[in-house]
Amino acid sequence: MIMNMSFSRIYLPICLGVVVAIAGCDAKQGVPGADNAKVVAQVNGTKLTEDQVQTALQRMPNLDKNRTKEASLQIARSLVEQELLVQKAEQEKLTDDPKVKAMLDAARKQALAQAYMEKKLGPPALPTAGEITAYYNQHPELFAQRKLYQLQEVAIKAPASEHEVIRAQLAAAKSLNEFGSWLKSKNYPINATQEIKAAEQLPAPLLAKLQTMPDGQATIVAAPNGLVILVLAGSQLQPVTEAQAKPAIERLVQAQKRREVAKQELDKLKAAAKIEYLGDYVEAGKLDTSSAPGATSTAPNNTAGQTPTNPTTK
C-alpha cells in the first residue's frame, strides 16, 4: 500500500534515536522483573532485555504493524551501540562532568514529563469506521485526489534584508528564464535540484498551494539561509482508496486526538500553576496567551507558509 510505505518510511528513522535513549534510561535505573526478562543481547556482561525493546516500540505509536519486526531488530542494535558508549563514558567518569550532569538531569525531566503525559493519555484508541470515512472525505488532497508532484527546487542563499527584492523580482518576471538570468546577474549562490514527492510527503501549506498551481508555475518558500523557489514541473493523479488509506488514517487520527488531549491537559496545568517569566524571557510568557489552539496538520510535516508567484515556463 502506497500510503503505508510513505508514512512509515518517514517516521521510523526519526523515532529510533529518541525511543532507544529512553529505553536505555529504563535499563540503567532498573526495571522490576528484569531478572526474569528475555535477554536479547549482552554487552561485556550487561544484559539488554526484550522489555527494553518493547518499551521503545510502545513509544512509536505510528509505527506500521508490518514493520514491527524490522523496528525491533533496529532497536536491539541501537541498544547495543548505546550500551557500548555508556560503558566507555562511565569508565572515563564523564558522569562527573557538570555538562553531562545537566544533560542527564534534562533527560530525567523529559522522561518524567513524557511518562506523566502517557499516563494521562492512556493507550491510543482506534478511530471508528465513521471517523476514518470522515477523515478520508475531509482530505481529498491526501487520498481521493492524491497526486505525485515533480518539483524543481532552486535554493538561493541571500540575507533576509534582500528577500523582498527577490520575491518582487520573481513576481514581476515574465518567465522563469528571465528570473534565472536576473539571479545570475546578482551573483547569488544557488543550488538546483529536482525530485518527485507524494502529497503526504509535503508540508500542509505547500500542498494546499500546489493543488491550485498549474504545471510550470513557481512558488517561493522561506528557508533558514535564504529562499527556495519551487517550480511545479508536473503532477500526476495517483489516488488511494479508503481501504488502502485506512492504516495511515488510523495513525493520523490517533495522533491528532492525542495532541488535542495533551494540549488540554497542559493548558489545565498552566492555569492552575503560578508561572513567571523573568528578564529577557518575559516575552516567552506572551506566546502562551497569544497562540491559537486547535490547529491540526494533515500531513506528517507542517512548516511555514508560501507566497505564490506568477511566472510560468515557456
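1. What share of the contacts in the protein with a separation of 6 or more comes from residues 24 or more positions apart? The share is 79%, where contact means heavy atoms within 4.5 Å. Please keep in mind that this is a predicted model, in which local features need pLDDT of at least 70, side-chain atom pairs count only at pLDDT 80 or more, and totals for chains, interfaces and linings use all residues. Residues are numbered from 1 along each chain as its sequence is written, and side-chain values use heavy atoms, with hydrogens and water left out.

2. Let us begin with the overall picture. The protein has 10 helices and seven strands; these are DSSP runs numbered from the N terminus, with helices being H or I of at least four residues and strands being E of at least two. Of its 314 residues, 33% count as buried. Buried means under 20% relative accessible area, exposed means over 50%, and partly exposed is in between, using a 1.4 Å probe and protein chains only. The accessible surface comes to about 19000 Å², and carbon and sulfur atoms account for 55% of that surface. Such areas come from the Shrake-Rupley method with a 1.4 Å probe, and for residues only the protein chains shown count as cover.

3. Now look inside. A nonpolar core is a set of buried Ala, Val, Leu, Ile, Met, Phe, Trp, Tyr and Cys residues joined through side-chain atoms within 4.5 Å. The largest one here has 22 residues, and the members that touch the most others are Phe-143, Tyr-149, Leu-202, Leu-210 and Ile-249. At least two residues each come from helix H5 (129–138), strand S3 (147–157), helix H8 (204–212), strand S6 (226–237) and helix H9 (242–272). H9 gives the largest share, four residues. There is also a second, separate core of 15 residues, and Ala-158, Ile-166, Ala-173 and Tyr-188 are among them.

4. Ile-249 touches Ile-132, Tyr-135, Tyr-136 and Phe-143, not counting residues up to four places away in sequence. Phe-143 itself sits in the loop between H5 and S3. Is Phe-143 buried or exposed? Phe-143 is buried, because its relative accessible area is 0%. Phe-143 and Glu-200 are 57 residues apart in sequence, yet their C-alpha atoms are 9.0 Å apart in space.

5. Next come the helix pairs. Two packed helices are described by the angle between their axes and the distance between the axes. Here the axes are lines fitted to C-alpha atoms, for helices over the stretch in contact, and angles run from 0 to 180 degrees between N-to-C directions. Angles under 35 degrees count as roughly parallel, over 145 as roughly antiparallel, 65 to 115 as roughly perpendicular and the rest as oblique.

6. H5 and H9 have axes that come within 9 Å and cross at roughly 100°. The two helices are therefore roughly perpendicular to each other. On the H5 side, the contact is made by Glu-131, Ile-132, Thr-133, Tyr-135 and Tyr-136, while the H9 residues include Ala-245, Ile-249, Leu-252 and Val-253.

7. Helix H4 (residues 98–121) also packs with H9, at an angle of about 115° and with the axes 10 Å apart. That makes H4 roughly perpendicular to H9. Where they meet, H4 brings Tyr-116, Met-117, Lys-120 and Leu-121, and H9 brings Arg-258, Val-261, Ala-262, Glu-265 and Leu-269.

8. Compare that with helix H2 (residues 50–58) and helix H3 (residues 68–91), whose axes come within 10 Å and cross at roughly 120°. That makes H2 oblique to H3. Gln-52, Val-53, Ala-56 and Leu-57 of H2 meet Thr-68, Ala-71, Ser-72, Ile-75 and Leu-79 of H3.

9. Finally, a few single residues. Most residues other than glycine have a negative phi. Lys-93, in the loop between H3 and H4, has a positive phi of about 55° and is exposed, with a relative accessible area of 56%. Asn-187 has a positive phi of about 60°, lies in the loop between helix H7 (176–186) and S4, and counts as exposed at 65% relative accessibility. Thr-193, in strand S4 (residues 190–198), is partly exposed, with a relative accessible area of 39%. Leaving aside neighbours within four places in sequence, Thr-193 is in contact with Leu-151, Gln-152 and Glu-153.
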